[in-house]
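Dear colleague,

Please find the structure below.

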Amino acid sequence: MRVLMLGWEFPPHLSGGLGTACLGLTRALAGMSTEITFVLPTEASDEQAAHLRLLGAAPAPSGGGGTVAPAAPPPAGGKAPVSASPAPGVTMHAVPSGITTPYPDGGEPLRTPDGLQAWLNNPDHAPLPTAPASGAGAAPASPVGARNPYAGDLLAEAHAYADRCVAMAKDLDFDVVHAHDWPTFPAAAAVSAATGKPWIAHVHSLESDRAGGVYEVNPQIDAIERGGVRGADAVIAVSRRTGDRILETCSIPPSRVTVIYNGIDLFDAGVADVVAGPGTTAPTPPALPQTRSDDEKIVLFLGRITAQKGPGYFLDAAQRVLEKYDRVRFVIAGTGDQSHELVARAGELGISDHVLFTGFLGAEDVDRVFRIADLYVMPSVSEPFGIAPLEAIQHDVPVIISRQSGVSEVLEHVLKVDFWDTDDLASKMLAVLRNPPLAQTLRENAGQELRRLNWRDAAEQCGSVYRSLVGAKA
């Protein structure tokens, strides 16, 4: 099976869990004799090109089986894209892009290029026209509440990405298109229309999830999601929660939606090199704890500092914990649009001395912070899945997660709370921190549970979807 896979991030080009999921899935698929060509947008800069080469932008070692695809022609004034091969059977294409993240994190207002707007208005989702030159043909900025949570001119970039994907697809051999999340849906629809190949919309997150109850849902992005889901030949959802929301909002037959849970790779010697790049070291974050006294505990929040992830609820619960047990440090690892207000909030609560903000962590420091943590908390407001709890369990760390997460459907040996119930969250934090037998029971049982949540099972289910679509088209 030959798969053209479209994704907006891939390690080490990361800004959220999507890239981690793409890595795990593609590695498992490649191990099942699936040929994957992955088209990745990235900044057209020497720095970013060097960054992608760390993923393997060179011929694979003799006998390794990997390949490096020829670079696609760059757009006018752009630099040649970078190709990278992260695993045998996986070919990477990088196309120039002017943004670094599709996630909420500040930035300029979104603009809708004329071509993309026409696609949004067309119920048949015809192929996108050629992308306009930079700054040309852009519609006026569309407001998203009082503030726009997205970085850069993302809609224009999604349009340009679609145009480049169609151009590249003419020279590629593939049987099916697999598109990850909304920025790639217009591209997948356009490639499918141009080639007659079926396409899959893989929904890792919905715009309503990312809004987190704070931002207004962006109508243009919401329209792209709905149009993609309705126009795709098949839809993959990362949880029943997400699948149910798709069915409720998009009015498609349940038979077109397949729930395939994310997984995790057990530790092996090759993972660190794939994620961080061989011979590279991520910058050391400020004041990451090196040592601690025997009775001091560390509670970890790891994720984007944005409304969807619930960091404010984490801080409120931290204050309640410290009222009863002050031998605790709370580590908040990540960046996002709420970073500054969260620092201010810690000061208002009078707990700044007990809270450490690390900023973005590279792969090595994520490993370090998990290894020193006594408890991991994911208080997400709306989480389609949530891979970080699996990573915490893999590091032998007890876990508390919100019931408003997809991963809560597959994990039993964790503690679960409603994100808004900070009293319950604080109570469960204290129970784990002050009751070593409870913490040990959670570690042991969750560790056993993790063995059935692997990427190979997810890849096999994806393979079934591929075969059903290709067989139907034959």
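In what follows, a residue is called buried under 20% relative accessible area, exposed over 50% and partly exposed in between, with a 1.4 Å probe and protein chains only. This is a predicted model, in which local features need pLDDT of at least 70, side-chain atom pairs count only at pLDDT 80 or more, and totals for chains, interfaces and linings use all residues. Residues are numbered from 1 along each chain as its sequence is written, and side-chain values use heavy atoms, without hydrogens and water.

Helices (H or I, at least four residues) and strands (E, at least two) are DSSP runs numbered from the N terminus. In helix α14 (residues 422-434), the buried residues are Thr 422, Leu 425, Ala 426, Lys 428, Met 429, Leu 430, Val 432 and Leu 433.

A nonpolar core is a set of buried Ala, Val, Leu, Ile, Met, Phe, Trp, Tyr and Cys residues joined through side-chain atoms within 4.5 Å. The largest has 58 residues, of which Leu 300 and Tyr 376 touch the most other members. A second, separate core of 38 residues includes Leu 4 and Phe 174.

Rings of Phe, Tyr and Trp (its six-membered ring) pair if their centres lie within 6.5 Å; planes under 30 degrees apart are stacked, over 60 edge-to-face and the rest tilted. There are 7 aromatic pairs by this rule. The pair of Tyr 261 and Phe 385 is tilted, because the ring centres are 6.2 Å apart and the planes at 45°. These two residues lie 124 residues apart in the chain, and both are buried. Phe 301, Phe 314 and Phe 330 form one aromatic cluster.

Yours sincerely
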